[in-house]
Amino acid sequence: VKRHLAFIPVLLLVIPIMENEKTSGSALPRRDAPKAPDSVRVSMQAWVFLLAALATLADRITGVHDFSLVSLAIISVTFILSWRRISRVTLIIAAVGLVTTIGFLATGGDIEAFKLAASRALFLPALLTAMVVLQSATKRSAPVMRVAAYVVDQPPGRRFGMLAFAGHLFGILLNIGGYRLLLGLAVDHCQRMTQDARVRLIQTRRIQGAIIAGFGATILWSPIGVAINLIVPLIDDFDWFDYAPYGVMATIGFIGLQFFLDRLGPRPKGRSYPVKAPGVWIDILRLLGLLVGIMAVSMLVDYVSDIPLQGSLLIAIPTAAILWRLSERPAKGAGVGSLMHTAFRSLTDPVNEICLILASGFLGLILIEVVPTQHLESLVATLALPTFVYAIFIVVVIFGLSMVAISPMITGTLLVGAFVEANVAMPAPMLILATLTGWSASMVISPVTATVAITSAELKQPASVVGLKWNGLFVLCFVALLFAIFAGWTLIL
């Protein structure tokens with residue numbers, strides 16, 4: 001009964017969408033009729049993502065991975081409906097994954113292994129689909145805008161901490177959209193602070209460093225992030241709760257190190273504005289409460305039912321979005337129905353992002369089944385190297401390949417899966433932390449990541465400048481610190 005009741009919040013989401021589609025369709029004036037094919041395509045694409053997410057939720061609730069095949073078949077329609085909006089890189093990765101899968105199955109590969117890989121990969125699009133609802137509810141809400149303006153307008157002495165905190169919070173709740181929102185406001189603020197080009201450049205660099213440190217640190221621990229949800233399930237009898245203490249400590253070190261380096265750098269004084277934002281701390285507490293509430297509801301559902309944490313998240317996130325909208329006491333016509341309609345229409349915005357994450361995650365997972373891990377097991381037994389050497393190897397490979405446009409999602413998934421399959425004697429927290437260290441370093445520096453690309457466009461600076469030049473020392477120091485920790489960790493094993 002509990003399993004079936006879990007679908008109720010999802011059905012509540014679908015009904016307002018259907019109602020809004022009926023009303024919006026009847027309200028279109030005749031002169032818009034030629035645009036109908038595009039409107040139909042948008043609606044079809046949105047339904048594809050929604051139905052695929054529901055099939056994935058059924059997979060998580062029942063534990064029957066046949067639902068993942070249904071979800072995979074549904075979401076594959078995207079490559080037909082929206083192929084013009086999918087980047088060439090995404091299409092290439094998807095094609096490689098398809099060829100690898102065909103080769104795996106044609107040579108006698110285990111169909112259950114294929115279902116499991118599909119199940120794990122398809123959670124990521126489902127998570128992004130659920131996050132679209134949350135983003136629609138919060139991105140332009142008054143509390144979010146007030147908090148963003150408040151932290152940007154802080155005087156220099158408090159600005160780093162507030163920007164890093166906001167970058168972290170917005171990154172968890174709004175993903176890359178939160179990063180873009182906060183960075184855009186910060187850049188506008190820099191224009192007001194001074195007319196001196198040199199001073200403005202230094203202030204822009206410091207603001208960017210604070211925001212990207214807060215945002216990049218989300219990879220190291222966020223339970224609703226793509227990275228954690230992709231690699232942690234690869235390890236048996238290990239979940240986010242087992243890893244969380246290590247991730248939180250790494251997050252503190254990541255942001256703290258950037259703060260230390262910021263204090264060592266030049267700090268020219270710009271024009272300060274008095275900060276007056278009555279009630280903003282209530283808004284901050286509300287946003288924190290939203291995040292804590294999502295986790296609390298997810299853990300409660302996980303505890304009182306047989307639904308695992310990932311399935312619980314797919315229920316808790318849209319439920320939290322609905323409660324957030326209701327808490328804002330929306331005007332007539334701007335309530336839950338309006339939220340669902342906006343979210344439904346917004347599902348088509350991240351088409352390339354969803355397809356890229358699905359293709360990259362699935363390729364990494366299916367490669368685990370193809371790569372002969374017995375050779376790695378033999379090599380590890382022959383070399384008999386200290387454990388920290390393997391941790392360093394993982395960080396270097398993930399970061400190094402990201403610099404030549406190979407996604408950490410592929411290399412990270414493949415390395416974790418290969419090390420698990422090869423029974424390498426390495427503590428699970430160290431394996432996850434090493435992988436996420438390489439991943440977070442890549443996000444901050446690699447010119448092909450969305451973070452660096454957005455920063456480059458906003459600041460009108462080359463990707464090599466906002467990435468390697470501005471954050472190279474920070475990443476080098478953080479990686480060196482983790483290497484030292486890995487070495488000490490190995491000594492006490």
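Colleague: Which residues have the most contacts inside the largest nonpolar core?

Modeller: In this predicted model, the residues with the most contacts inside that core are Val 151, Phe 170, Ile 317, Met 426, Leu 436 and Phe 486. The core has 156 residues.

Colleague: Which helix gives the largest share of this core?

Modeller: Helix α7, residues 111–138, provides the largest share, with 17 residues.

Colleague: Let us take Phe 170. What is Phe 170 in contact with, leaving aside its neighbours within four places in sequence?

Modeller: With those neighbours set aside, Phe 170 contacts Val 144, Val 147, Ala 148, Asn 175, Gly 178, Leu 181, Leu 182 and Leu 287.

Colleague: Turning to rings, how many aromatic pairs does the structure hold?

Modeller: There are eleven aromatic pairs in the structure. One of them joins Tyr 150 and Trp 281, with ring centres 6.2 Å apart.

Colleague: Why is the pair of Tyr 150 and Trp 281 edge-to-face?

Modeller: The planes of the two rings stand at 75 degrees, so the pair is edge-to-face; planes over 60 degrees apart count as such.

Colleague: Where do Tyr 150 and Trp 281 lie?

Modeller: Tyr 150 belongs to helix α8 (residues 142–152) and Trp 281 to helix α14 (residues 280–304), so the pair ties together parts that are 131 residues apart in sequence.

Colleague: Is Tyr 150 buried or exposed?

Modeller: Tyr 150 counts as buried, at 12% relative accessibility.

Colleague: And what about Phe 254 and Phe 478?

Modeller: Their ring centres are 4.9 Å apart and their planes are at 85 degrees, so this pair is edge-to-face. Phe 254 sits in helix α13 (residues 240–264) and Phe 478 in helix α23 (residues 463–491), so the pair ties together parts that are 224 residues apart in sequence.

Colleague: Buried or exposed, those two?

Modeller: Phe 254 counts as buried at 1% relative accessibility, and Phe 478 is buried with a relative accessible area of 2%.

Colleague: Which residues form one aromatic cluster?

Modeller: Trp 221, Trp 240 and Phe 241 form one.

Colleague: What lies over the face of Trp 324?

Modeller: Arg 286 does, at 4.6 Å from the ring centre.

Colleague: A change of topic: where is Ser 71 placed?

Modeller: Ser 71 is in helix α4, which spans residues 66–75. Ser 71 is buried, with a relative accessible area of 1%.

Colleague: What lies 3.0 Å from a polar atom of the Ser 71 side chain?

Modeller: That is the backbone oxygen of Ala 52. Not counting residues up to four places away in sequence, Ser 71 touches Ala 52, Ala 55, Thr 56 and Leu 122.

Technical notes: Residues are numbered from 1 along each chain as its sequence is written. This is a predicted model: local features need pLDDT of at least 70, side-chain atom pairs count only at pLDDT 80 or more; totals for chains, interfaces and linings use all residues. Side-chain values use heavy atoms; hydrogens and water are left out. Helices (H or I, at least four residues) and strands (E, at least two) are DSSP runs, numbered from the N terminus. Buried means under 20% relative accessible area, exposed over 50%, partly exposed in between (1.4 Å probe, protein chains only). A polar contact is a pair of N or O atoms within 3.5 Å; within protein, one must be able to donate a hydrogen and the other to accept it, and residues adjacent in sequence count only if both atoms are side-chain atoms. Contact means heavy atoms within 4.5 Å. A nonpolar core is a set of buried Ala, Val, Leu, Ile, Met, Phe, Trp, Tyr and Cys residues joined through side-chain atoms within 4.5 Å. Rings of Phe, Tyr and Trp (its six-membered ring) pair if their centres lie within 6.5 Å; planes under 30 degrees apart count as stacked, over 60 as edge-to-face and the rest as tilted. A charge sits over a ring if NZ of Lys or CZ of Arg is within 6 Å of the ring centre and within 35 degrees of the ring normal.
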